[in-house]
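Work through these exercises with the model open. Try each task before reading its solution.

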Amino acid sequence: MQKIVKKTGSHGIGMMIHVIHMSDDVQKLNRFYEDVFGGLHFMGVDEPNYLPIEDRYAGLFMVSDVCIETMAPKMPADPKKPVGKFYTKFGEHLHSVGYKVDDLPGLADRLLAKGVYIGQPGGGKIEKLDPETLYFYPSPRDTAGLMVELCRIDMPNDPRDNEAWSSQVKMWRNHPLTIERFSYVTLGVKDLDSAVKTYVDIMEAVPIQDGIDDAMQSRFMTVQLGDCLLQLAEPLGPDSDLGRHVAKWGNMIYSLRFKVADLDSVQRWLTSKSIRTDRLRDDLVVTNIEDSYGAPIFFTTEDIPGDPFAS
């Protein structure tokens, strides 16, 4: 059967259509997600997809129940284009997330009424959304640093829409990474309380869990935003990896996290692929960002109290 999508908010924020990982070379990232994660490559298989309006190359992968879009600007990167501008500023880094929205014009009206700047495809401010517009980006200044694409159409050929999806997703559980499902995206923030207010009051996210994570050296709130969890994490000090990330970049996507069955298997497999890891605690492993192209990728066996996606 197809993936059952859980939605939040008055306007039906639903499927997280993708997480974008930015690099200087799409083919390099493609090999990483295919060879290391057993990713199912379903767009740009023969050659990377090129989108002229954004002057970028991209591919799409499924890794368990999350879609990862690999992306790189056409080189040399054009800083006048949004993708090139991002790359010239941040280099290899997690870029953004995207969501399918049932009522995109209604959500745009809500955000505009809350004083949120929203940008059109290719750049430029939207004062009133044309109902025919396929997607837009709220300014990260107004979303506590999260770059998020909000769109009204499904991802073409998304495997999660296939009737065989419930069978296909099981293949990652039998992979050496033993991935059960995607856990959450972590957004590093300077002020947790302000970020929570942004997501709960403006985006109508649903609070799930808050607390202190000693291994991450952070204070956090995990919320449900559409068909995914988002963790908002404020570093407790400047000496952790998250602390250094926030000190350098401010509010910005920090990492991805997967729920797995066997962390020993995870570390053996990643070591065999020349990817260094750290065991932060018994139930948490993270990749060395130099080996995972600027993106810390966490693997955990922990359960989240109140997790709406727990089986």
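**Exercise 1.** Find how strand 15 and strand 16 are joined, and name the partner of Arg-279.

Solution. This is a predicted model. Start at strand 16, residues 284–287. Strand 15 and strand 16 run antiparallel, joined by 4 bridges. Now look for Arg-279: its bridge partner in strand 16 is Val-285.

**Exercise 2.** Give the strand order of the open sheet, then explain which strands stand at the edges.

Solution. Trace the 8 strands: the order is 11-12-13-10-14-17-16-15. The pairing is mixed. Next, take the edges, strand 11 and strand 15 (277–281). Each has a single partner strand, so one side of each lacks a neighbour in the sheet. From one strand to the next, the twist averages 25°.

**Exercise 3.** Describe the two hairpins that involve strand 12.

Solution. Begin with strand 11 (residues 206–213), which pairs with strand 12 in the antiparallel sense over 7 bridges. Val-206 has Gln-224 as its bridge partner. In this hairpin 4 residues lie between the strands, and Gln-217 takes a positive phi near 55°. Move on to strand 13 (residues 229–235), which is antiparallel to strand 12 and joined to it by 7 bridges. Here Arg-219 is partnered by Glu-234. This hairpin has 4 residues between its strands, and Gly-226 in the turn has a positive phi of about 60°.

Conventions. Residues numbered from 1 in each chain as written. Predicted model: local features only at pLDDT ≥ 70, side-chain atom pairs only at ≥ 80, totals over all residues. Heavy atoms only, no water. Pairing = 2+ DSSP bridges. Axes fitted to C-alpha atoms, helices over the stretch in contact; angles between N-to-C directions.
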